[in-house]
Amino acid sequence: MTLQTMTYLVVGATFALYIGIAIWARAGSTSEFYVAGGGVHPIVNGMATGADWMSAASFISMAGLISNMGYGGGLFLMGWTGGYVLLAMLLAPYLRKFGKFTVPQFIGDRFYSKAASCVAVLCLLAASLTYIIGQMTGVGVAFSRFLGVSNHTGVFIGMAIVFMYAVFGGMKGITYTQVAQYCVLILAYTVPAIFISMTLTGNPVPQLGLGGDFVGTDMTLLGKLDQVVMDLGFPRYTTMTRISTLNMFVYTMSLMIGTAGLPHVIMRFFTVPKVKDARASAGWALVFIAILYTTAPAVAAMARLNLHASVNKAVKQNYATDAARATAMFAEENSIRYDERPNWMKRWETTGLLKFEDKNGDGRIQYYNAKNTPAGATAAGWKGSELTVNQDIMVLANPEIAKLPNWVIALVAAGGLAAALSTAAGLLLAISSAISHDLFKNIFMPDMSEKNELMTGKIAMGCSIVVAGYLGLNPPDFAAGTVAIAFGLAASSIFPALMMGIFNKKMNKEGAMAGMLSGLGITMLYVFAHKGLFFIPGTEFLGLFGGKANFFLGIEPNAFGAIGALVNFAVAYVVSKITPECPEHIQHMVENVRTPRGAKAVDGTHAH
Amino acid sequence: MDKSGKAYWKATCTLIIQVLAVWFFVSFGCGILFADALNSFSVGGYPLGFWFAQQGAMYCFVIMIFVYAHLMGKLDEKFDVHEE
């Protein structure tokens, strides 16, 4: 069976499964639509949270970025898992006790103000929409390669599929669909990693293989990789930091607190039966997430080694001396001929995400770091690196580069789509509930019927898909980079407000609102200055700040959320000191939220 | 808040701060700030600092959450505020 047929078959079968589950579990009432009746077991909930969480950014994009960033890529790994510790301890149990099912509802009640609830809706929309743009980038990459369609068509197909099961299923549909999606995506991620780890190190466990010896040598795999990349003029893989230690620190922090501030993740913890379960649920979610996240660095390093080996025949050879190796790396016959390039390169060339340009006209592919040209390269007449590889393709191309069987390649395609679609669906649900419930039902039209509320939610989902799809056609960054910006927005606005709402009972509405607006505002300003106003290309305004990128202490825009959060905390504190104190009954409510006893089932339909 | 309520909240906050200290140490400490120094040691073929950043911190996070959930459960019962 050809690869193309196999891919259609596997992707088609998984989609049929998800849609079947969504139809089987169709939601009836409003509260079922959003929280599945509060009756989901912590392990099931953890698995669904895992699928919800691991998006195109984690599945398709992250390992490719780590592959390029080396040690510095650890910021994604620590950042996107460490947030669960914060979530489990600082937010989940208290939000569950509070007994409302959306973030703006909590903010509105805790800060006794509909205006505060509106501000929370604004923050939520900013973060969620940015996040979906990143998903759409990932969907575009996956479809363009595996279904042999253009990037744009890929985005449109993705939009249609997400719309179908998010709108018809609701949360209950999504919970069980997402369990199925978790299983598909985790198999798709680990199976090729096991194959590759086995080939390169003889150890089938990728987490151990990454530390293991490179087959046939007494060098470790990482030692071999360090040697190869440094020979080719790249920085040492195991020690290269991301811009600076400070930037890496701030970036990691931003992703961690962003994790604990993302509405679609927080909503998951409203769906468990008890406060006790909310704590354990975060732990289970992290177990399921860590299976992929601890595999990712192995995928990254091994893909990098295989990529170099597939264009330079000297990479996997053993040489007695350093001098012999250096000569071989730059020997003409070891760079592969372009017309003899492997099939995977041809397939990716059609997507436009992999490009070859024969700069020295010798018909062979030279791939190295031209910004730090090694002496051997100059001597051999290399005139610049001739291969451009989009970092987002690494995970999907990985099994092809390693020459794995067709069914594995097809499985990876299905996994990538599952990851992108499941997260998009969860985010759309958060957006839909924010608009229909928190904005319309609670503020503009309090006497809206349940039926109309559901309808408004569905319309909101439809509009969000169109907007995100449109922006996804011209993404501001690689998928994981765009998603990191979304985390920064959540980190700078929602997390501090939630945390102060629970841990500082004197925090008042003026402080919370000023904090959220200033945190979100300053983060958006910094991001838009680099990436364009509302991510529209060509509208960057770095000139206003001296024209230098990363102008604030060398911190990149994707990492700025942590700084925004600091501003949020500081502004909120100062404003709360100079405005009227938080009312007595609200302070009592906060005290009540801090103890588990008396937690009621989540009340969706009667908010006030 | 009554006296026992205050004591419960104080115990909760103490536990959270203790876990957060470990959380900070394994990720920002071992994974970032001391990574260079730790790289001179090697564990299972990994330079140690690199291992913390790309493997170790994540294992610690998982363990931390379950330890926290367990200790909180005990705290709830000790102060008699657990769910029936």
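# Notebook: chains A and B

**Entry 1. Where the chains meet.** I looked up the contact between the two chains first. Chain A puts 42 residues into the contact, and chain B puts in 35. The model I am reading is a predicted one.

I then asked which elements of chain B touch chain A. Those giving two or more residues are α1 (3–33), β2 (46–47) and α3 (48–78) of chain B. Which of them gives the most? I found α3(B), with 16 residues. I also sorted this side of chain B by class. I noted 23 nonpolar, 10 polar and 2 charged residues.

**Entry 2. One residue on chain B.** I picked Phe28(B), which is found in helix α1 of chain B. What does Phe28(B) touch, apart from residues up to four places away in sequence? The list is Phe249(A), Thr252(A) and Leu33(B). I see that Phe249(A) and Thr252(A) carry the letter of chain A, while Leu33(B) is in chain B.

Next I checked its surroundings. Phe28(B) has 19 other C-beta atoms within 10 Å. Buried would need 20 or more, and exposed would need 12 or fewer. Phe28(B) is therefore partly exposed.

I also took a distance. Phe28(B) and Phe52(B) are 24 residues apart in sequence. From C-alpha to C-alpha, Phe28(B) and Phe52(B) are 9.6 Å apart in space.

**Entry 3. Chain A as a whole.** I turned to chain A and looked up its secondary structure. The tally is 23 helices and 2 strands. The radius of gyration of chain A is 25 Å, close to the 25 Å that the globule rule gives for 608 residues, so chain A is as compact as a globular protein of that length.

Along the principal axes, the C-alpha atoms of chain A fill roughly 80 × 55 × 45 Å. Of the 608 residues in chain A, 62% are buried. I then looked at contacts between residues at least 6 apart in sequence. In chain A, 80% of these join residues at least 24 apart.

**Entry 4. The nonpolar core.** I looked up the largest nonpolar core, which has 232 residues. Which members touch the most other members? They are Ala120(A) and Leu185(A). Helix α18 (residues 406–444) of chain A gives the most to this core, with 22 residues. Both domain 1 and domain 2 of chain A supply at least three residues each to this core.

**Entry 5. Two positive phi angles.** I checked Tyr112(A). Its phi is positive, about 35°, although Tyr112(A) is not a glycine. Tyr112(A) sits in the loop between α6 (103–110) and α7 of chain A. Is Tyr112(A) partly exposed or buried? With 15 C-beta neighbours inside 10 Å, Tyr112(A) counts as partly exposed.

Leu553(A) came next. Leu553(A) is also not a glycine, and its phi is positive, near 55°. I placed Leu553(A) in the loop between α21 (509–531) and α22 of chain A. Leu553(A) has 10 C-beta neighbours inside 10 Å, so Leu553(A) counts as exposed.

**Entry 6. Confidence.** I closed with pLDDT. Chain A averages 87, and 94% of its residues score at least 70. Among the elements of chain A, helix α22 (residues 561–578) has the highest mean pLDDT, 96. Helix α2 (residues 30–35) of chain A has the lowest, 53. Where does pLDDT stay under 50 in chain A? I found that stretch at residues 604–608. The model has 11 contacts beyond four places in sequence for residues 604–608 of chain A.

Notes:
Residues are numbered from 1 along each chain as its sequence is written. Chains are lettered from A and ligands numbered from 1 in the order in which they are written. This is a predicted model: local features need pLDDT of at least 70, side-chain atom pairs count only at pLDDT 80 or more; totals for chains, interfaces and linings use all residues. Helices (H or I, at least four residues) and strands (E, at least two) are DSSP runs, numbered from the N terminus. The radius of gyration is taken over C-alpha atoms; the globule rule is 2.2 Å times the number of residues to the power 0.38. Two residues are in contact if their C-beta atoms, placed from the backbone, lie within 7 Å. pLDDT is the predictor's confidence in each residue, from 0 to 100. Ala, Val, Leu, Ile, Met, Phe, Trp, Tyr, Cys and Pro count as nonpolar, Asp, Glu, Lys and Arg as charged, and the others, Gly among them, as polar. A nonpolar core is a set of buried Ala, Val, Leu, Ile, Met, Phe, Trp, Tyr and Cys residues joined through C-beta atoms within 7 Å. Domain bounds come from an automatic or database domain assignment.
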